[in-house]
Amino acid sequence: MTRENRGMLRAALVTVCSFTLFATGYLSLSIAILRPPRANYPEWFMMATVFAAQSVITLLAVTGIISAGWIRWVVLAGGVAIIWAGASWARATLASDHFEGYALVLGAMLVVQGALTLGVFLRQRPVGFLTAPQR
């Protein structure tokens, strides 16, 4: 993979992480204000915290603000977790009698974010306690 392609992959990951943060914040605020009767508040706010934390940690790692070797493994584990959560959420939405468009869109974006995370961070090689991109 060329350096230009790696840069495009990183830019796409930053964009998707930013979208996930915005969407999670927007949905959390709308749930808190509108108080829909069928909302599962504890589950939503727990999942929203996980999505936001994964996005922030990924942004810090991809921009190089945090470059310790352990962060790569945290981000990779989180990437796998959000792929699973997003795919499960989208599948449940499609199989449900009550269609929730936001769940389908956010679930799909989580799968994309997780896949991009794996694509970016699996291509790095560990060097001691630091990670270095492949050249």
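The model is predicted: local features need pLDDT of at least 70, side-chain atom pairs count only at pLDDT 80 or more, and totals for chains, interfaces and linings use all residues. Residues are numbered from 1 along each chain as its sequence is written, and side-chain values use heavy atoms, with hydrogens and water left out.

**Aromatic rings**

- Four aromatic pairs are found in the structure; rings of Phe, Tyr and Trp (its six-membered ring) pair if their centres lie within 6.5 Å, and planes under 30 degrees apart count as stacked, over 60 as edge-to-face and the rest as tilted.
- One of them joins W44 and W89 in a tilted arrangement, 5.7 Å centre to centre with 40° between the planes.
- That pair links distant parts of the chain, since W44 lies in helix α2 (residues 41-62) and W89 in helix α3 (residues 69-95), 45 residues apart; helices here are DSSP runs (H or I, at least four residues), numbered from the N terminus.
- W44 is buried, with a relative accessible area of 7%, where buried means under 20% (1.4 Å probe, protein chains only).
- F51 and W89 also form a tilted pair, 5.7 Å centre to centre and 35° between the planes.
- F51 is in helix α2 and W89 in helix α3, 38 residues apart.
- F51 is buried too, at a relative accessible area of 1%.
- Ring pairs link W44, F51, W89 and Y102 into a cluster.

**Charges over rings**

- The charged end of R35 sits over the ring of Y41, 5.8 Å from its centre; this requires NZ of Lys or CZ of Arg within 6 Å of the ring centre and within 35 degrees of the ring normal.
- R72 places its charged end over the ring of W73, 4.6 Å from the ring centre.

**The largest pocket**

- The largest pocket holds about 660 Å³ of space; on a 1 Å grid over the protein atoms alone, a pocket is an open set of points where a 1.4 Å probe fits, with protein on both sides within 12 Å along at least five of seven lines, and lining residues have an atom within 4 Å of a point.
- Its volume is the space filled by probe spheres set on the points.
- Of its 23 lining residues, N40, W89, E100, Y102 and A103 are the closest to its centre.
- Helix α3 gives the largest share of the lining, six residues.

**Helix α4**

- The buried residues of α4 include A103, L106 and L110.

Conventions
Helix = DSSP H or I, 4+ residues; strand = E, 2+ residues; numbered from the N terminus. Buried < 20%, exposed > 50% of the residue type's maximum accessible area, 1.4 Å probe, protein only.
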